[in-house]
Each structure stands twice: as C-alpha cells, then as structure tokens.
Amino acid sequence: LATPVAGGTAAVVAERDATSMGVEGAYYAPLAGGMANVSFSQKDGVSGYDVSYKRSLKDLVKRSGAESVDTAFGIDQNGAYAGVKAAKNLGRSAKASYDATARMGLGEDSERHLKQNLRLSNKLGYAELSHNTGEGPRYRLGYEFDA
C-alpha cells in the first residue's frame, strides 16, 4: 500500500505466514536535489530502521567533466554509513571510476570499515586498485571483450 503524502510517498507492507508476521513502512521524498528516506521494519520481534539521503552531485562538479558523482549517507540499526561513487570518461574509450563505502557501528565495541576501489578501463581491459580496512591494497589486471 503506497500513497502520496506531503510531497513524498508513504508505503506500508504487512506479511504473515504460518510461523511469522512482519511489517515494513517507509516514507521517501525529494529533498535539496536528492532523495530522503525513512523506513522501519519489524519481523519476528526484531526491529530495524534506516534514515538515509542520496544525491547526485554532478551539478556541483560540472567543471570536472565527471560523468557521474553519487553520494549516500545514513544511519540504521547497525550504525552510520556513507558512500560515494564517481565516474569520468577520459577519452579514446578510457574510463576511470572510484567508489568508497564506510560504516561505523554503534556502541563501545563497534567496528569501523572502509572499502575503496579505483578502476581504469578501456576497450581491451582494466587495472583496478582496491583497499579494505584490515587488509593490504590489492591490484588486479584483467581483460574485457564483447563476444
């Protein structure tokens, strides 16, 4: 069930089977050039929530020539998170892309994670450099072709 409310959309889903019952609800609306989302869920006595905001920043980085720059951040029952993805055509079929995600848990024993990836590619192949929290950098070379 979904309906327009105050410039956004509110939705509710209820499920029941022989052993469990669940309910999910969400409200999402455009905000400052992006999309804001508030959602909750409860199934088998376990509650969850997510408050997030996603936005393309392409309009703010016009001079860079970026093909796309997308961001997202929020908080859920597991902690805070953020991410960015960007891509740019370099000419002569070459392309560069970068993405990074970060998460920080809640509480004293929470863990922090950062994952990032840089990729350069063309019609023949790619070179990729990636790094995750607690691991050393990884470098990969590969080839791609259309069959």
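## Strands and sheet

Strand S2 (residues 8–16) and strand S3 (residues 21–31) run antiparallel and are joined by 8 bridges, strands here being DSSP runs (E, at least two residues) numbered from the N terminus. Within this pairing, Val13 has Glu24 of S3 as its bridge partner. The model is a predicted one, in which local features need pLDDT of at least 70 and side-chain atom pairs count only at pLDDT 80 or more, while totals for chains, interfaces and linings use all residues. Residues are numbered from 1 along each chain as its sequence is written, and side-chain values use heavy atoms, with hydrogens and water left out.

The sheet as a whole is open and is formed by 11 strands in the order S1-S2-S3-S4-S5-S6-S7-S8-S9-S10-S11, with antiparallel pairing; two strands pair if DSSP finds at least two bridges between them. Its edges are strand S1 (2–5) and strand S11 (138–143), each of which pairs on one side only. From one strand to the next the twist averages 15°, where axes are lines fitted to C-alpha atoms and angles run from 0 to 180 degrees between N-to-C directions.

## The aromatic pair

The structure holds 1 aromatic pair, a term that requires the ring centres of Phe, Tyr or Trp (its six-membered ring) to lie within 6.5 Å, with planes under 30 degrees apart counted as stacked, over 60 as edge-to-face and the rest as tilted. The ring centres of Tyr53 and Phe73 are 5.7 Å apart and their planes stand at 55°, so this pair is tilted. Because Tyr53 belongs to strand S5 (residues 46–56) and Phe73 to strand S6 (residues 68–76), the pair ties together parts that are 20 residues apart in sequence.

Tyr53, at 15% relative accessibility, counts as buried, whereas Phe73 is partly exposed with a relative accessible area of 45%; buried means under 20% relative accessible area, exposed over 50% and partly exposed in between (1.4 Å probe, protein chains only).

## Salt bridges

The count comes to 5 salt bridges, each defined as a side-chain nitrogen of Lys or Arg within 4 Å of a carboxyl oxygen of Asp or Glu. One of them joins the side chains of Arg103 and Asp76, at 3.0 Å from N to O. Arg103 lies in strand S8 (residues 94–105) and Asp76 in strand S6, so this pair ties together parts that are 27 residues apart in sequence. Arg103 is partly exposed, with a relative accessible area of 29%, while Asp76 is buried, with a value of 10%.

Arg140 forms a salt bridge with Glu128, the closest N and O atoms being 3.6 Å apart. Since Arg140 lies in strand S11 and Glu128 in strand S10 (residues 125–132), this pair ties together parts that are 12 residues apart in sequence. Arg140 counts as partly exposed at 45% relative accessibility, and Glu128 as buried at 9%. A further salt bridge links Glu135 with Arg138, with 3.7 Å between the closest N and O atoms.

## Around Arg119 and Tyr126

Arg119, Glu128 and Arg140 are linked in a network of salt bridges. The charged end of Arg119 also sits over the ring of Tyr126, 3.9 Å from its centre, a description that applies if NZ of Lys or CZ of Arg is within 6 Å of the ring centre and within 35 degrees of the ring normal.

Tyr126 is also among the residues that Ser121 touches, together with Ser93, Ala94 and Lys95, not counting residues up to four places away in sequence; contact means heavy atoms within 4.5 Å. Ser121 is found in strand S9 (residues 112–121) and counts as buried at 17% relative accessibility.

Key
Helix = DSSP H or I, 4+ residues; strand = E, 2+ residues; numbered from the N terminus.
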